[in-house]
Amino acid sequence: MSEDHNVPQLGQIVRITRGRETGRFAIVIKHINDRFVLLADGDKRKYDRPKKKNIHHFEETPYISSEVRKSLLETNRVSNGKLRFAIAKYASEVVADLERGDRNDV
């Protein structure tokens, strides 16, 4: 159990790898301890009913939503709309990068 796994930052987008929501994106909205965080996506998992998730059950992305992070640090809350917007923005950037990469491979 000496695996070196960093605790994700507030506002960081993660992709769930285990469980019922496998493959979905969510945002870290709170740290419970060094092993668990609370995740929400603003759609299925609202801010008021986040999912408690083990950090080994998702993979971190390099993207941290500055709007979500700022809201969480200032008010300890974030709107579900901001969560949905941040995930949609990230997903559209990833899809655009993948399409650009596919075109370059041809």
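1. Contact, as the term is used in this note, means heavy atoms within 4.5 Å. Residues are numbered from 1 along each chain as its sequence is written, and side-chain values use heavy atoms, with hydrogens and water left out. This is a predicted model, in which local features need pLDDT of at least 70 and side-chain atom pairs count only at pLDDT 80 or more, while totals for chains, interfaces and linings use all residues.

2. Confidence. The score pLDDT is the predictor's confidence in each residue, from 0 to 100. Its average over the protein chain is 89, and 91% of the residues score at least 70. Helices (H or I, at least four residues) and strands (E, at least two) are DSSP runs, numbered from the N terminus. Confidence is highest in strand 3 (residues 36–40), with a mean of 97, and lowest in helix 2 (residues 80–105), with a mean of 81.

3. Asn 54. This residue belongs to strand 4 (residues 51–54). Asn 54 counts as buried because its relative accessible area is 8%. With neighbours within four places in sequence left aside, the contacts of Asn 54 are Arg 35 and Phe 36. Asp 34 is 20 residues from Asn 54 in sequence, and their C-alpha atoms are 9.4 Å apart.

4. The nonpolar core. A nonpolar core is a set of buried Ala, Val, Leu, Ile, Met, Phe, Trp, Tyr and Cys residues joined through side-chain atoms within 4.5 Å. The largest such core holds 23 residues, and Ile 27, Ile 29, Leu 39, Val 68, Leu 72 and Leu 83 have the most contacts inside it. Two or more residues come from each of strand 1 (12–16), strand 2 (25–31), strand 3, strand 5 (58–64), helix 1 and helix 2. In soluble globular proteins, nonpolar side chains tend to be buried together. Leu 83 touches Ile 27, Ile 29 and Val 68, and also Ala 40, Asp 41, Gly 42, Tyr 47 and Val 78, when neighbours within four places in sequence are set aside.

5. Helix 1. Which residues of helix 1 are buried? They are Val 68, Ser 71 and Leu 72. Seen down the helix axis, these buried residues fall within an arc of 95°, so they line one face of helix 1; the arc is that of the directions from the helix axis to the C-beta atoms. An α-helix has 3.6 residues a turn, so residues three or four places apart point the same way. The face turned away from the buried side carries the exposed residues Lys 70, Leu 73 and Glu 74.

6. Ser 71. Helix 1 spans residues 66–75 and includes Ser 71. This serine is classed as buried because its relative accessibility is 11%. Beyond four places in sequence, Ser 71 touches Asn 76, Arg 77, Val 78 and Lys 82.

7. Asn 76 lies in the loop between helix 1 and helix 2. Its phi is near 60°, a positive value in a residue other than glycine. Asn 76 is exposed, since its relative accessible area is 59%. Arg 77 is in the loop between helix 1 and helix 2 as well, and is partly exposed at 44% relative accessibility. Not counting residues up to four places away in sequence, Arg 77 touches Tyr 47, Asp 48, Ser 71 and Leu 72.

8. Ile 16 is found in strand 1 and is buried, with a relative accessible area of 2%. Leaving aside neighbours within four places in sequence, its contacts include Glu 21, Ala 26, Leu 39 and Phe 58. A cavity is a set of points on a 1 Å grid over the protein atoms alone where a 1.4 Å probe fits but cannot get out, and lining residues have an atom within 4 Å of a point. The largest cavity has a volume of about 40 Å³. Its lining consists of Ile 16, Glu 21, Phe 25, Ala 26, Leu 39, Asp 41, Arg 45 and Lys 51.

Technical notes:
Buried < 20%, exposed > 50% of the residue type's maximum accessible area, 1.4 Å probe, protein only. 1 Å grid on protein atoms, 1.4 Å probe; cavity = no way out; pocket = protein on both sides within 12 Å on 5 of 7 lines; lining within 4 Å. Points joined across faces, edges and corners; volume = space filled by probe spheres on them.
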